[in-house]
Amino acid sequence: MLHVSEYRDSRLCRSIAERIAGISKSRMRIMEVCGTHTVSIFKNGIRSFLPENVSLVSGPGCPVCVTAQGEIDAAVDLAGRKNTIVATFGDMMRVPGSNSSLQQEKAAGKDIRMVYSASDAVDIAKGNPGSNVVFLGVGFETTAPTVAAAVLSASAEGVENFSVLCMHKLVPPALGALMRSDGVDIDGLLLPGHVSVIIGTMAYEDFFSEHRIPCAVAGFEPADILQGVMRLAEMTETNSPELENCYGRAVTRQGNPAARKVMDTVFEPCDAQWRGLGLIEKSGLRFRRKYSNMDAAKRFTLPASVGSMPDGCSCGDILTGKKTPPECRLYGRSCTPSDPVGPCMVSSEGACAAYFKYSRRLRR
Ligand code: SF4
């Protein structure tokens with residue numbers, strides 16, 4: 001039986017869905033940029049509310065999934081260094097690198113620890129003064145400020161054996177690269193809620209002016225997502241693209257200046273490699289000179305590596321909406337959540353893992 005609030009929500013969702021069906025006449029492909037949206041869409045059966053002409057495709061908004069193969073290889077390399085402890089979020093453990101994964105290295109005896117925050121890694125460094133502790137800095141504008149705060153705290157406390165392998169990425173430059181990619185076929189963008197809380201809608205204004213594609217920032221409840229889809233459908237049908245904030249209870253135009261200030265104090269933009277999108281100008285973060293003593297890439301002189309994608313893995317096409325997971329020939333065969341080939345099947349926010357977990361109909 002439905003709880004009263006779920007009943008109310010499901011009535012609200014049905015009513016928004018009816019409006020979408022009434023508005024939307026033409027074929028429309030909407031990309032949900034954020035991995036948390038992807039999971040919510042599957043978990044709440046959002047596709048079942050939509051008319052057949054409206055389809056949702058996943059985008060490059062799962063931070064683990066877009067981490068380049070060369071970066072995974074660098075993390076595996078670090079785990080093999082003497083007196084080194086690698087601290088990482090759990091999803092990174094199982095992502096296959098070119099020759100090994102952190103999980104395999106841990107099984108082989110390397111000291112790799114799963115943490116829930118960068119400050120946990122600072123604590124590990126304090127407790128292990130004889131070891132170098134490297135935190136794997138993965139994530140978008142939502143995570144980078146917390147990592148920057150840990151760097152500032154480690155710096156203030158003189159924790160010299162702590163460093164970060166900075167692999168952070170920035171969403172707006174990736175949207176531009178996505179729209180410029182060959183073969184991308186998207187009519188509207190559901191923009192990420194969490195990231196937008198930090199960067200604000202103003203961070204998308206240049207992108208929107210250049211590409212004039214319907215954009216809606218949306219929250220993660222089913223009604224939030226449907227509301228975003230409804231506005232995108234209205235914009236498409238009336239040929240009046242807008243950059244709209246449909247998540248006003250959490251997102252403002254300015255975002256969170258305090259969080260951005262912390263991030264900007266420690267990091268600065270740099271060109272970065274994305275899985276699926278390649279090298280994108282000013283789409284990553286690197287240490288500013290003042291904090292470069294905490295830059296693991298400099299401290300350990302890591303070899304430059306682009307790495308090699310697993311044979312047959314279509315993660316690049318999935319992250320740009322060119323394929324859906326079942327269109328990968330390995331999906332559900334040699335690639336499953338218990339034995340993943342690519343990061344999109346590893347991460348809890350990965351499109352392949354979400355398809356596999358929630359969409360039995362689409363399993364092979
Ligand atoms: Fe890569 Fe597996 Fe997804 Fe295919 S199903 S794209 S191999 S993660």
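**Exercise 1: the faces of strand 3.** Work out which residues of strand 3 point one way and which point the other way.

*Solution.* Step 1: T84, V86 and T88 point one way from strand 3, while I85 and A87 point the other way, and all of them are buried. A strand here is a DSSP run of E with at least two residues, a helix is a run of H or I with at least four, and both are numbered from the N terminus. Buried stands for under 20% relative accessible area, exposed for over 50%, and partly exposed for what lies in between, using a 1.4 Å probe and protein chains only.

Before going on, a word on the model: it is predicted, so local features need pLDDT of at least 70 and side-chain atom pairs count only at pLDDT 80 or more, whereas totals for chains, interfaces and linings use all residues. Residues are numbered from 1 along each chain as its sequence is written, and side-chain values use heavy atoms, with hydrogens and water left out.

Step 1: strand 3 covers residues 84-88, and because 5 of its 5 residues are buried, the rest of the structure largely encloses it.

**Exercise 2: the neighbours of strand 3.** Which strands pair with strand 3, and over how many bridges?

*Solution.* Step 1: strand 5 pairs with strand 3 in the parallel sense, over 4 bridges. Pairing requires at least two bridges found by DSSP between the two strands. T84 has N132 of strand 5 as its bridge partner.

Step 1: strand 4 (residues 112-114) also runs parallel to strand 3, joined to it by 3 bridges. Here A87 stands opposite R113.

**Exercise 3: from strand 5 to strand 6.** Follow the chain from strand 5 to strand 6 and find the handedness of the unit that they make with helix 8.

*Solution.* Step 1: strand 5 (residues 132-137) and strand 6 run parallel and are joined by 5 bridges.

Step 1: with helix 8 (residues 144-157), the two strands make a β-α-β unit that is right-handed. That word applies if, with the strands pointing away from the viewer, the path from the first strand over the helix to the second runs clockwise.

Step 2: look at G137, which lies in strand 5 and stands opposite C166 in strand 6. G137 has a relative accessible area of 0%, so it is buried. Its C-alpha atom is 15 Å from that of A125, 12 residues away along the chain.

Step 3: on strand 6 itself, F162, V164 and C166 point one way and S163 and L165 the other, and all are buried. Strand 6 is thus mostly covered, with 5 of its 5 residues buried.

**Exercise 4: strand 7 and its partners.** Are the two faces of strand 7 covered or exposed, and which strands pair with it?

Step 1: strand 1 (residues 28-32) pairs with strand 7 in the parallel sense over 3 bridges, with I30 opposite G188.

Step 2: strand 8 (residues 215-217) pairs with strand 7 in the parallel sense, over 3 bridges, and L190 stands opposite A216.

**Exercise 5: two positive phi values.** Find where R212 and N239 lie, and how accessible each residue is.

*Solution.* Step 1: R212 is not a glycine, yet its phi is positive, at about 50°. R212 belongs to the loop between helix 11 (205-211) and strand 8, and with 47% relative accessibility R212 is partly exposed.

Step 1: N239, also a residue other than glycine, has a positive phi near 50°. N239 is in the loop between helix 12 (222-237) and strand 9 (243-245), and its relative accessibility of 68% makes N239 exposed.

**Exercise 6: the ligand shell.** Sort the residues around the ligand by class.

*Solution.* Step 1: list the shell, which is C313, S314, C315, I318, C328, L330, Y331, C335, V341, G342, M345 and C352. Each has a heavy atom within 4 Å of the molecule, which is the cut-off for being near.

Step 1: the classes come out as 10 nonpolar, 2 polar and no charged residues. Ala, Val, Leu, Ile, Met, Phe, Trp, Tyr, Cys and Pro count as nonpolar, Asp, Glu, Lys and Arg as charged, and the others, Gly among them, as polar.
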